[in-house]
Amino acid sequence: MTRHAIPSLDAIRAGGKPAVARALSLIEIAHGSADLARLLDACAADPRGDVLGLTGPPGVGKSTLTNALISDARRQGRTVGVVAVDPSSRFTGGALLGDRTRLRTDPDDQGVFVRSMAARDRLGGLSDHAVAAIVLMRAVYDLVVVESVGIGQSEGDIAFVADTVLLCIQPGSGDSLQFMKAGVMELPDVVCVTKADMGEPARRAMADVAGALTLAEHAPGDWVAPVVLVSAASGAGLADLAEAVAGHRAHLAEAARLFARRAAQARHWVEDAVRVRFGLRGLAASDVDAALAREGGPFGAIARIDADLDARLARPH
Ligand code: GDP
């Protein structure tokens, strides 16, 4: 394997968009390198930004909303990284640009970085590379928006990378009925009914979702997902959305919830990576907690467990 020079996190932070772009390509081409794992663990240990995950079916208005969120954050002087997970390109190995031209950002703005990535392994889900890219961007930008198409259970994947999961629901589509099914209610931290300018169907969808949420059981101190009605096209409701997301951030800031959530996510990345490569038996034979403690981060832990299991498989019985 060719050795690639892996920059430090400080160099990436100082190097602006070209440095971030280079680091993101290294995630793809230097996969498996110990230096890359060290860089990613340094990123995981020094998060700078909030990660907002947007999920919902195609056409619900995620890209339009992402554009609005980017403008809003830039007005406040916050830098933004966007990872758009593109399910259409999972067979090509690289993200197709066409689908993502809907994100209209100023190429000269050094404070916005958009990367489209293939959802390789799971439909609408997040590949190892996407997780690594999100961790890298989280260490560089003030806000990271992860846009992923939610189809069935893969919607849950976003909960393993985002601090706050925003589920988008399209008025008049039956999404609100889907939402009422058990399981989905547990997922979002904020629910956004899009296209509020559609009027009555939007208000009905909002009432359906709010009704479904009141049926969910909550322990005291649990976060109860607020439902907001937003028109990204007209801007109506964007302030309510910002308030709902900020409310969830404040909730996470209490009682070390954010720290616990991110630690659980990191553990999940390790388990997931081991399971994908070595199956449930490989996972059962691995001590994830010990690897995390010894390596000091999830990416080193994955490398360590990979090497251990490879060595055991190679050893004659
Ligand atoms: P995505 O596939 O979830 O990313 O959805 P898009 O953001 O591409 O939006 C899908 C379609 O819905 C586009 O034609 C948008 O112009 C339209 N759309 C998005 N937001 C709104 C909105 O707030 N109001 C209305 N009326 N249409 C919207």
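Author: Start with the terms: helices are DSSP runs of H or I with at least four residues, strands are runs of E with at least two, and both are numbered from the N terminus. Counted that way, the chain has 10 helices and 7 strands.

This is a predicted model, and confidence comes before detail. The mean pLDDT of the chain is 85, and 85% of the residues reach at least 70.

Now the overall build. The chain has 317 residues, and 49% of them count as buried. Take the contacts with a separation of 6 or more: 74% of them join residues 24 or more positions apart. The chain exposes about 14700 Å², with 56% of that coming from carbon and sulfur atoms.

On to the charged pairs. Side chains of opposite charge can pair when their charged atoms come close. Here the count is 19 salt bridges. Three of them are worth a slow look.

Begin in helix α3. Asp-72 pairs with Arg-75, and their closest N and O atoms are 3.5 Å apart. The cut-off is 4 Å, so this pair qualifies. The two residues sit 3 positions apart in helix α3 (residues 62-75), which means about one helical turn separates them. Their surroundings can be read from their accessibility. Asp-72 is partly exposed, at 26%. Arg-75 is exposed, at 65%.

Next, helix α8. Arg-267 and Glu-271 form a salt bridge with an N to O distance of 2.1 Å. Both belong to helix α8 (residues 257-284), and their spacing of 4 residues is about one turn of the helix. Arg-267 is partly exposed at 29% relative accessibility. Glu-271 is partly exposed too, at 22%.

Arg-277 meets Asp-306 in a salt bridge of 2.4 Å, N to O. Arg-277 is in helix α8 and Asp-306 is in helix α10 (residues 298-314), so this pair ties together parts 29 residues apart in sequence. Arg-277 is partly exposed, at 35%. Asp-306 has a relative accessible area of 15%, and it is buried because that is under 20%.

Some bridges also link up. Asp-50, Arg-78, Asp-163, Arg-249 and Arg-262 form one network, joined by salt bridges that share partners.

What about covalent links between side chains? A disulfide is a covalent bond between the sulfur atoms of two cysteines. This structure holds 0 disulfides. Cys-192 shows one reason why: the closest cysteine sulfur, in Cys-168, is 4.8 Å from its own sulfur, too far for a bond. The limit is 2.5 Å. Cys-192 is also buried, at 0% relative accessibility. Cys-43 is another buried cysteine, with a relative accessible area of 0%.

How values were computed:
Residues are numbered from 1 along each chain as its sequence is written. This is a predicted model: local features need pLDDT of at least 70, side-chain atom pairs count only at pLDDT 80 or more; totals for chains, interfaces and linings use all residues. Side-chain values use heavy atoms; hydrogens and water are left out. Buried means under 20% relative accessible area, exposed over 50%, partly exposed in between (1.4 Å probe, protein chains only). A salt bridge is a side-chain nitrogen of Lys or Arg within 4 Å of a carboxyl oxygen of Asp or Glu. pLDDT is the predictor's confidence in each residue, from 0 to 100. Contact means heavy atoms within 4.5 Å. Accessible areas come from the Shrake-Rupley method with a 1.4 Å probe; for residues, only the protein chains shown count as cover.
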